[in-house]
Amino acid sequence: MFSNAKLNEKIAFGLLKIATGMVVAFVLVILYYIVSNGYSAISIEFITEMPRSRMTEGGIYPAIVGTLYLIIGSIAVAMPLGMLAAIYLTEYSKPGKTTWAIEMAINNLAGTPSVVFGLFGLAMFVKYLGFGASILSASLTLALLILPVIIRASQEALLTVPKEYREASLALGVTKWETIRKVVLPSAIPGMITGAILSIGRVAGETAPILLTGAAYFLPRLPDSIYSQFMALPYHLYVLATSGTSIAQTRPIQYGTALILLIIVLCVNIVAVSVRSHYRKKLKR
Amino acid sequence: MLNRQLKEKGIESLLFAAGAAAVLALFLLCIFLFKDGLLLFENYPISSFLTDTKWYPTSEPEHFGLLPLLLGSLIVTVGAILFSVPLGIATAIYISELADPKISNILKPVTEILAGIPSVVYGFFGLVILVPIVQKTLQIPTGQTALTGSIMLGIMALPTIISISEDAISSVPRSIKEGSLALGSTKWQTIYKVTVPAALSGISAAVMLGVGRAIGETMTVMMVTGNSAVIPGFPSGLFAPVRTMTATIALEMGEVPQGSDHFHALFAIGSVLFITTFIINIIANYIKRRYRFNL
């Protein structure tokens with residue numbers, strides 16, 4: 001009986017190890033294929049030149065620029081809004097219907113499929129507000145998509161600031177807002193910024209929402225205003241990999257584009273994680 | 001003094017407005033989505049939308065049947081869950097209960113990489129690597145099948161399932177586990193008779209959120225499932241191309257004239273998708289909240 005239980009345990013633990021090994025293998029296999037096939041495509045010209053000969057040659061510069069514009073546009077809208085909302089939720093709101101409604105809205109926005117955000121952006125920004133298929137419409141759509149990420153990360157950062165800090169400041173007769181501004185925020189800001197950094201990765205990789213709100217198949221020149229259409233890295237990859245007559249011919253460009261996307265996302269994650277851990281250590285001290 | 005109070009009030013109102021913006025955003029999203037979706041039913045009966053088995057948006061007469069797309073989403077999602085739930089929970093147990101803390105600290109960020117990879121990159125990987133493998137292994141005419149989509153979506157749902165299950169499992173109090181071990185149970189008996197049941201509601205929330213992630217995924221399924229709008233059989237449909245709700249919206253929206261019935265039909269599909277994920281989220285959050293109070 002006893003040895004039976006021990007045997008079962010061995011088998012079970014073996015299976016758990018195999019499962020974990022498989023998950024790690026998925027990560028490694030995906031990274032390996034993209035990196036090993038993509039690195040030879042990447043060069044200075046690849047990231048600084050326009051596509052040539054109907055996108056079968058040349059670089060991906062306009063797609064990089066487009067993605068950069070989307071990052072700037074959506075972060076500029078979502079970061080202040082998300083941070084202020086997080087301050088309200090952690091520092092001011094009291095349990096009740098209003099708070100419940102805000103929390104519920106954030107949870108549901110976080111779980112809404114990105115293509116639904118695309119439909120919304122199309123109906124509201126492109127059509128109703130008349131922004132057209134443009135950088136502006138796509139940035140606003142993406143801003144809504146990342147708003148819950150930024151709010152959650154900011155709330156978490158604010159909650160790690162010890163209560164004693166606030167109480168000490170309030171006890172000195174400092175007003176609530178002054179306390180938040182001078183005492184709470186300085187220690188919470190790095191954590192709040194982490195959320196914004198993480199959402200850069202999200203913006204860079206999202207395809208479905210921009211597909212419906214302004215991403216272009218190909219543009220001969222860079223966008224000249226926020227009302228212009230744009231090229232973007234993820235959509236560029238999708239287009240090259242699925243449509244046209246030269247899919248096999250442009251495979252190196254596809255791998256190169258996928259690798260650039262992967263590098264952006266991984267760098268962003270590494271930066272975010274190191275900011276967070278650096279600052280957690282500082283707070284502990 | 002009065003000035004100071006006024007400023008405090010003003011700031012509080014501003015912050016409240018920012019919080020309320022989230023509610024406003026969700027409200028507007030519903031309005032705009034449902035408004036354009038409901039316009040379909042001016043010209044096309046809602047009963048046909050719900051029961052017609054054909055999605056032929058450009059034929060004469062047009063067929064806007066939800067069923068093939070809904071079932072397409074369902075079969076891909078079920079496949080993904082069958083594959084990722086056991087794998088995800090097993091990994092979560094290993095990370096929180098068995099692995100050396102040093103190894104856990106490496107494993108956690110490694111699994112988080114999966115959450116960071118953009119869906120279009122998964123789609124590309126699936127298309128270039130997995131599709132040919134599926135085709136060759138199963139000896140079928142095309143590797144773009146529901147199964148291929150399920151595997152890719154399963155991998156994509158893993159980080160959600162792992163991280164939330166792991167949270168739930170590691171929040172089970174040590175005293176409960178030690179009690180079980182003290183009674184002479186092995187470590188494994190303790191895990192599957194005590195720890196996992198205690199964490200079960202958290203794990204279910206993780207599974208629900210994984211389902212939500214899989215149903216809403218667009219680019220990956222669009223690139224690897226072949227996109228043919230037929231009602232899939234089960235399980236034979238796993239080995240044939242399918243078309244999901246998400247892929248339909250993304251594929252067809254570029255080509256429809258704005259304001260046409262087809263345009264509104266895509267919004268109707270979007271509304272169904274939104275309502276589905278909305279319900280899933282509500283359930284997941286309800287379960288999660290319950291377990292938080294219990295422990």
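Where helix α3 of chain A meets helix α1 of chain B, α3(A) brings A:L81, A:L84, A:A85, A:I87, A:Y88, A:L89 and A:Y92. Facing them in α1(B) are B:E12, B:L14, B:L15, B:F16, B:A18, B:G19, B:A21 and B:A22. Sorted by class, this contact holds 13 nonpolar residues, one polar and one charged. Please keep in mind that the model you are looking at is predicted.

How do these two helices sit against each other? Two packed helices are described by the angle between their axes and the distance between the axes. Here α3(A), residues 61-92, and α1(B), residues 2-38, pack at about 110°, and their axes are 7 Å apart. Angles from 65 to 115 degrees count as roughly perpendicular, so that is the description for α3(A) and α1(B).

Now let's step back to the contact between the chains, to which chain A contributes 70 residues and chain B 67 residues. On the side of chain A that touches chain B, helix α1 of chain A (residues 2-38) gives the most, with 19 residues. That side of chain A divides into 50 nonpolar, 15 polar and five charged residues.

Finally, follow helix α4 of chain B, residues 67-98. Of its 32 residues, 24 are buried, so α4(B) is largely enclosed by the rest of the structure. Along the way you will find a kink of about 30° at B:S84, shortly before the proline B:P86. What about the length of α4(B)? At 1.5 Å a residue, its 32 residues should span 46 Å, and the end C-alpha atoms are 44 Å apart, which agrees.

Key:
Residues are numbered from 1 along each chain as its sequence is written. Chains are lettered from A and ligands numbered from 1 in the order in which they are written. This is a predicted model: local features need pLDDT of at least 70, side-chain atom pairs count only at pLDDT 80 or more; totals for chains, interfaces and linings use all residues. Axes are lines fitted to C-alpha atoms, for helices over the stretch in contact, and angles run from 0 to 180 degrees between N-to-C directions. Helices (H or I, at least four residues) and strands (E, at least two) are DSSP runs, numbered from the N terminus. Angles under 35 degrees count as roughly parallel, over 145 as roughly antiparallel, 65 to 115 as roughly perpendicular and the rest as oblique. Two residues are in contact if their C-beta atoms, placed from the backbone, lie within 7 Å. Ala, Val, Leu, Ile, Met, Phe, Trp, Tyr, Cys and Pro count as nonpolar, Asp, Glu, Lys and Arg as charged, and the others, Gly among them, as polar. The expected span of a helix is 1.5 Å times one less than its number of residues. The bend at a residue is the angle between axes fitted to the seven residues ending there and the seven starting there. A residue is buried if 20 or more other C-beta atoms lie within 10 Å of its own, exposed if 12 or fewer, and partly exposed in between; C-beta atoms are placed from the backbone.
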